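Here are my notes on this entry, as requested. Please read them with the coordinates open.

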Amino acid sequence: MASVLITGGAGYIGSHTIIEFLNNDLDIIIIDNFSNSKPEVINRIKDISGCKLKFYQIDLLDSSKLDGVFKENHIDAVIHFAGFKAVGESVSDSLKYYKNNIAGTLELLETMKKNDVKKIVFSSSATVYGTGNNIPFKENSSLKTTSPYGTTKLMIEQILTDLCISEPDWSVIILRYFNPIGAHESGLIGEDPTGLPNNLMPFLTQVAMGRLEGIKVFGNDYDTHDGTGIRDYIHVVDLAKGHLKALQKLSNNFGLSIYNLGVGKGYSVLDVIKTFENVVKINIKYKFVERRAGDVAVSIADVNKARDELGWEAKKTLLDMCADSWKWQKLNPNGYE
Ligand code: WQD
């Protein structure tokens with residue numbers, strides 16, 4: 001697999017994955033519409049890797065421009081990151097999510113088929129797992145979503161499943177991410193949410209920078225060791241390496257496979273706050289507030305399948321994740337500006 005198209009490559013996970021791919025001498029073509037990312041990311045990827053790469057600022061829904069990318073480049077496989085991903089926003093503007101995430105994916109798949117490119121890795125999420133499952137979640141755990149964002153992920157998984165039944169010459173890998181945090185060791189790329197952060201780690205780093213007052217801990221009455229929500233945090237670089245392993249498996253397998261990408265360990269909100277304070281040597285103000293709608297108490301990955309079939313497992317610790325997130329934020333107080 002020499003030449004890979006990355007949709008949403010200017011995003012947090014896309015940019016880190018591209019660095020890993022460039023480190024492994026893959027040719028990269030990026031498409032991004034900058035709806036939730038900044039052009040500066042492309043410069044940073046070039047600064048870190050020293051590599052040339054092709055970039056197109058297009059929207060997946062622009063079918064003629066998308067087809068042009070496939071006509072202008074030899075593409076062996078696609079990694080599909082592009083999609084809106086704010087859980088709360090998806091509740092208040094569900095049509096925007098269905099149009100962008102579902103229709104965008106259908107345009108991509110149709111264009112791939114038209115150009116005889118039939119290998120794809122899809123960026124899915126642990127949010128597809130229902131609340132009634134035993135912990136840790138296995139790939140065959142029951143699926144049930146609680147937000148339009150999660151439902152778009154589940155719908156796309158179903159589209160890919162049906163595609164592989166109707167057209168057995170496709171190779172598809174679905175990766176279900178748990179909670180990606182951290183940043184590249186250089187501190188040149190990292191998580192740069194638009195507006196007020198939704199997720200815990202960027203909120204923490206902005207509080208430590210003094211940009212935000214303190215953390216609202218969403219609920220301390222969950223059935224966990226300290227009452228706060230537990231998640232499986234995974235370093236974004238470990239997640240990126242998981243994509244490289246998935247791509248390698250894609251090259252000589254037909255059909256569809258699904259893998260959890262997590263650490264297989266859970267940390268509570270208070271565990272993360274305390275670890276972060278120890279790393280940055282700054283006290284983080286927080287207060288308990290009511291639970292956030294749609295949150296589950298515990299989300300932890302069973303990672304045996306990825307280990308056994310992809311030969312991949314996460315290596316970095318929560319301490320690494322906190323240190324790298326903080327380095328990124330200190331070097332980039334206002335993100336990519
Ligand atoms: C983590 C924990 C919160 C913020 C979501 C999506 C998932 C993926 C990652 C897109 C929870 C608590 C958080 C805060 C808090 N997104 N928290 N105060 O909700 O597990 O996952 O983001 O791909 O698909 O579902 O991540 O970082 O928002 O929350 O107490 O200000 O931190 O309740 O327990 P989440 P998160």
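Predicted model: local features only at pLDDT ≥ 70, side-chain atom pairs only at ≥ 80, totals over all residues.

1. Three strands form an open sheet, ordered β12-β9-β14, with mixed pairing. β12 (267–268) and β14 (298–299) stand at the edges. Each has a single partner strand, so one side of each is left without a neighbour in the sheet. Strand β9 (residues 230–231) runs parallel to β14, and 2 bridges join them.

2. Arg231 in the sheet. Arg231 belongs to strand β9. Its bridge partner in β14 is Ser299.

3. The charge of Arg231. Which side chain of opposite charge is nearest to Arg231? It is Asp295, 4.1 Å away.

4. What Arg231 meets instead. A polar atom of the Arg231 side chain lies 2.9 Å from the backbone oxygen of Val296. The side chain also reaches the backbone oxygen of Ala297, at 3.4 Å. Leaving aside residues up to four places away in sequence, the contacts of Arg231 include Asn179, Lys265, Gly266 and Tyr267. Val298 is another residue that Arg231 touches.

5. Salt bridges, Lys241 and Glu20. The count comes to 15 salt bridges. One joins Lys241 to Glu20, with the closest N and O atoms 3.2 Å apart. This pair links distant parts of the chain: Lys241 sits in helix α8 (residues 236–251) and Glu20 in helix α1 (residues 12–23), 221 residues apart. Lys241 is partly exposed at 36% relative accessibility. Glu20 is buried at 8%.

6. Asp67 and Lys114. These two form a salt bridge, closest N and O atoms 3.4 Å apart. Asp67 lies in helix α3 (residues 63–72) and Lys114 in helix α5 (residues 94–114), so the pair ties together parts 47 residues apart in sequence. Asp67 is buried, at 11% relative accessible area, whereas Lys114 is exposed, at 61%. Lys71 joins both in a network of salt bridges.

7. Asp169 and Lys118. Their side chains meet in a salt bridge of 2.8 Å, N to O. Asp169 is in the loop between α6 (148–166) and β6 (171–177), and Lys118 is in the loop between α5 and β5 (119–125), so parts 51 residues apart in sequence are tied together. Asp169 is partly exposed at 37% relative accessible area; Lys118 is buried at 17%.

Conventions. Residues numbered from 1 in each chain as written. Heavy atoms only, no water. Pairing = 2+ DSSP bridges. Helix = DSSP H or I, 4+ residues; strand = E, 2+ residues; numbered from the N terminus. Buried < 20%, exposed > 50% of the residue type's maximum accessible area, 1.4 Å probe, protein only. Lys, Arg positive; Asp, Glu negative; His and termini not counted. Salt bridge = Lys/Arg side-chain N within 4 Å of Asp/Glu carboxyl O. Polar contact = N/O pair within 3.5 Å; in protein donor to acceptor, adjacent residues only side chain to side chain. Contact = heavy atoms within 4.5 Å.
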